[in-house]
Number of protein chains: 2
Amino acid sequence: MLDRDIGLDIAARLFWERGYEGTSTADLTKAMGINPPTLYSTFGSKEELYRQALDFSIARENSRRSEILQSNLPVYEALSLYLYDIADGDTQPDKPRGCMVSTAVLQHAEENASVARMTAALREASIQTLKARFDRAVEDGELPTATDTDTLARFYGAIIQGMSAQACDGACNVRLKRLIDIALTAWPGKRRPSTENSD
Amino acid sequence: MLDRDIGLDIAARLFWERGYEGTSTADLTKAMGINPPTLYSTFGSKEELYRQALDFSIARENSRRSEILQSNLPVYEALSLYLYDIADGDTQPDKPRGCMVSTAVLQHAEENASVARMTAALREASIQTLKARFDRAVEDGELPTATDTDTLARFYGAIIQGMSAQACDGACNVRLKRLIDIALTAWPGKRRPSTENSD
DNA sequence: CCATTAAAATAGCGATCCCTATTAAAATGT
DNA sequence: ACATTTTAATAGGGATCGCTATTTTAATGG
C-alpha cells in the first residue's frame, strides 16, 4: 500500500496540470503505482480524491500565505508580498502552470456540477480571506472607513485568477509581477507612478 | 441537413457552457438534431467544430467591440466601454456565464494540447489588440511616451479573465462593473477616488 | 504447519468516448 | 416511371470512462 500523503501529492499534481475532467482514474492509479481497487478503498471515488487532494495542497500553501497576510506588516505591504507569492506559485519550475484552484473547473459537464461548486467555494473563501484582512485594515485606520472592501477583495481576486490564466498560457514570473505592480497602483490612496517602461 | 451557422451557434453555446472536454459529440449531435455522420461530414471533427464555433462567435462579438475600441473616443473612455461590454457579455441572461475564450481550456488532458494552444492564441491576440490601441494612444499623446503598453494590456487582460472566472462562479453584472471601476483607477495618470462604498 | 485474515492484482462490468462503414430514405435526371 | 446520385439514419468499432466482483498473493495467529 502507498503512503496516503504521497498519493495525494501525486494526485494533486495530475489534477493541477490536467484539470478534473482531463484526468482519468487510469492516469491516477498509474502515476501512484497502485491498482484501481486501492484507489477506491483509500480515497472513495475520483471526486472524493479530488477534494482531498485540494485540501491537502491548500493546507500546505495556506500556512505560508496566511502568515504573510495576517502578519503585522502594513496591509499594502502584506498584500504585495501575498500577490508576489502567488505569482511565484503560478510559475514554479517542474510544476504545472497556474494555480490549482483559481482557474479550475470553470466550465464543466453537467455531471460534474458538484465538483465545480467545490472549487467555486474555495475561490470565494479565498476572496473572503482577503476581505477580512482589508476590513481589519479599516479598523486599524489603514484604510478609509467607507472603503468597499468587498469589491477591493474581488478586484485582487480577479488579478489572482488572471495571473493563473496567463501562467497557464506560458507567462513567466517577471511578467506576472509587472502586472501586480499595476494592480497595486489601484490601491486606495496610492499615488500612481505613470506606468512606464524600465528599459 | 441543418443550416451551417445555426449548427455553429448551437455548438458554440454547448462548448461555452461545458468547455471542450465537458462537451461530447453525442451532446452536440443531439442539440443540433443531426446524426453523427452529418457532424463529421459538415465540420470534420470535434476539434475542427470547436475551432469553427470559436471563430463564428468571435466574429459576431468583434464587430461591436472593435468598434468601441477603435472609435475616436479618448482611449480611457474606449477602454471603459470595452470592459463594460465584456462584463455584460459575461452575465447575459439565458446564456452561459463568463467568456467562451477568456477562461477556456486552461487545464487539459495531454491529447487536447492543440486545442489549448488554440484558445491561448486567441487570448494573446485579444491582448495584442488592447496593446495596439494603447500604442496608438501613446502616439496621439494620450499616454506618456514611455508607457509600458504591453504590461498595461496584460493587466486589463487579467481583469477580463478574472471577470470571466467570477461570472462562471455566479457574479452578477453590477459586481463585475464595480471591479472594473477599481481596475480603471490603475490607468496611468488617473486620480484615484479612494474606493468607497456608495451605500 | 495449517487456517484465517488482510492485502494486492487481475479481469471485466455497463456506459460512454470519438468516429465511420454500411444501410435506408429521399431527391434528382431523363 | 425508373435508374442514379445525394442525403440521412442505423449500427457499431475500438478505445476508454469510473468503478467493482473475484481471484490471487501475502501476512498473521495458534
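1. Let's start with the two copies. The same surface serves both: 100% of the contact residues of chain B recur in chain A.

2. A quick word on what you're looking at. This is a predicted model, where local features need pLDDT of at least 70, side-chain atom pairs count only at pLDDT 80 or more, and totals for chains, interfaces and linings use all residues. Residues are numbered from 1 along each chain as its sequence is written, while chains are lettered from A and ligands numbered from 1 in the order in which they are written.

3. Now the interface. Chain B puts in 49 residues and chain A 49 residues, where a contact means C-beta atoms, placed from the backbone, within 7 Å. On the side of chain B that touches chain A, helices 1, 6, 7 and 8 of chain B each give two or more residues. Helix 7 of chain B supplies the largest share, 13 residues.

4. On to the fold of one chain. Chain A has eight helices and zero strands (DSSP runs numbered from the N terminus: H or I of at least four residues for helices, E of at least two for strands). Its C-alpha atoms fill a box of roughly 60 × 40 × 30 Å along the principal axes. Of its 199 residues, 42% count as buried, meaning 20 or more other C-beta atoms within 10 Å of a residue's own; exposed means 12 or fewer, partly exposed is in between, and C-beta atoms are placed from the backbone.

5. Have a look at helix 5 of chain A, residues 75-90. Which of its residues are buried? They are A:Leu79, A:Tyr82, A:Leu83, A:Ile86, A:Ala87 and A:Asp90.

6. Finally, the core. Of the 105 residues in the largest nonpolar core, A:Ile159 and B:Ile159 touch the most other members; such a core is a set of buried Ala, Val, Leu, Ile, Met, Phe, Trp, Tyr and Cys residues joined through C-beta atoms within 7 Å. Leaving aside neighbours within four places in sequence, B:Ile159 contacts A:Ala158, A:Gly162, B:Leu83, B:Ile180 and B:Ala183.

Notes
Contact = placed C-beta atoms within 7 Å.
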